[in-house]
Amino acid sequence: MEENQAMSETPPVVALAEEVQRAIAAHSTKKEASAILTRSRELGLISDWDLWMGHVTEKPFDFACLVVAVAHILPPGGSIETGVFRGGTSALLIQCATPETFHVAIDPFGLPSQSCAPTHGYELWAPARTTIARLAALSEHNSVTFCPYVMGAREFIRADLLQHPAPFRIVHLDGEHSNEGVTEELQYFRRKLRGPAVIIIDDHDEHSPGVASALDSPAANGLVPILHRFYLYPTVERPFGFSAWLHPAAS
Ligand SMILES: C[S@@+](CC[C@H](N)C(=O)[O-])C[C@H]1O[C@@H](n2cnc3c(N)ncnc32)[C@H](O)[C@@H]1O
């Protein structure tokens with residue numbers, strides 16, 4: 001009987017993922033999420049979802065609820081982001097990071113390792129330097145050490161630059177969306193994580209099939225799903241989406 005009970009117990013990593021799911025839905029989380037979103041926008045740190053998908057305000061709000069929930073449930077830590085753009089998601093991550101940790105922000109902007117089509121202005125230096133300056137000021141205010149890496153994620157990985165002496169609990173992948181790119185990022189960042197962490201994958205939808213392929217590969221083994229949400233954009237037929245996964249602590 002005891003043995004059967006033990007076998008039917010929820011594994012700790014699944015229980016932790018369920019705890020994050022409950023925290024996302026809490027009224028206090030939503031209140032806090034609204035506050036950090038408002039602050040980010042007041043500082044001019046905006047997401048591409050704000051810029052191009054003005055009708056889809058649920059996405060930035062859902063992202064904010066997720067990172068607030070993670071900050072309440074997971075052990076202390078900082079965050080890593082590939083794909084910064086105008087700082088809208090970095091600003092939320094910085095506001096949820098534990099003081100005296102790091103926010104690592106990787107984006108090549110106008111360098112040759114830029115992997116997105118030159119249609120969104122990702123490569124422009126004037127808004128890039130404004131974003132970096134604003135994120136640095138916000139981080140200083142929140143006692144988080146802001147580490148901008150102006151390079152592609154693959155260059156960062158090849159040079160093995162993640163050597164920071166504090167834990168990370170959120171990794172947001174929103175840079176290169178190819179199968180190879182996301183697979184490499186998953187492999188590298190997961191190898192570096194020590195404690196449990198939440199991995200957020202943007203563009204997990206039919207528009208970016210490479211993202212789903214990477215999540216189907218061994219690089220994603222052992223990840224426990226937390227959420228996968230979709231949002232319809234008025235002028236685009238198929239919805240855009242993002243997902244979040246719990247990476248278990250290293251054993
Ligand atoms: C979709 S935007 C990021 C949006 C941002 N996370 C947000 O929600 O507002 C994609 C970003 O990926 C960056 N990027 C392009 N190639 C990259 C690469 N190889 N590694 C990391 N970031 C890259 C682009 O410069 C762009 O800023």
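What covers the buried residues of H7? The cover includes helix H3 (27-42), helix H6 (88-96) and strand E3 (145-149). This is a predicted model.

**Helix H7**

Helix H7 runs over residues 125-141. At 1.5 Å a residue, its 17 residues should span 24 Å, and the end C-alpha atoms are 24 Å apart, which agrees. Its buried residues are Ala128, Thr131, Leu135, Leu138 and Ser139. Seen down the axis of H7, they fall within an arc of 100°, so they line one face of the helix. An α-helix has 3.6 residues a turn, so residues three or four places apart point the same way. On the other side of H7, Arg129, Glu140 and His141 are exposed. Just after H7, serine 143 takes a positive phi of about 55°.

**Salt bridges**

The whole structure holds seven salt bridges.

| Pair | Distance | Relative accessible area |
|---|---|---|
| Aspartate 202 – lysine 59 | 3.2 Å | 2% and 2% |

Aspartate 202 forms a salt bridge with lysine 59. Aspartate 202 lies in strand E5 and lysine 59 in helix H5 (residues 58-73), so the pair ties together parts that are 143 residues apart in sequence. Aspartate 202 is buried, and lysine 59 is buried too.

Glutamate 176 sits in the loop between strand E4 (168-173) and helix H9 (179-192), arginine 154 in helix H8 (residues 153-158). The two are 22 residues apart. A network of salt bridges links Arg154, Arg158, Glu176 and Glu184.

Arginine 238 lies in the loop between strands E6 (224-231) and E7 (240-247), and glutamate 206 in the loop between E5 and helix H10 (209-215), so the pair ties together parts that are 32 residues apart in sequence.

**A buried charge without a partner**

Glutamate 81 is in strand E1 (residues 78-82). Glutamate 81 is buried yet has no salt bridge. The nearest side chain of opposite charge, lysine 59, is 8.7 Å away. The side chain of glutamate 81 instead makes a polar contact with that of threonine 89, at 2.6 Å. Other residues that glutamate 81 touches include His103, Ile106 and His172.

**Isoleucine 199**

Strand E5 (residues 197-202) also holds isoleucine 199. Isoleucine 199 is buried, at a relative accessible area of 1%. Among its contacts are Val171, Leu186, Leu223 and Trp245.

Methods: Residues numbered from 1 in each chain as written. Predicted model: local features only at pLDDT ≥ 70, side-chain atom pairs only at ≥ 80, totals over all residues. Heavy atoms only, no water. Helix = DSSP H or I, 4+ residues; strand = E, 2+ residues; numbered from the N terminus. Buried < 20%, exposed > 50% of the residue type's maximum accessible area, 1.4 Å probe, protein only. Contact = heavy atoms within 4.5 Å. Lys, Arg positive; Asp, Glu negative; His and termini not counted. Salt bridge = Lys/Arg side-chain N within 4 Å of Asp/Glu carboxyl O. Polar contact = N/O pair within 3.5 Å; in protein donor to acceptor, adjacent residues only side chain to side chain. Expected span 1.5 Å × (residues − 1). Arc of directions from axis to C-beta.
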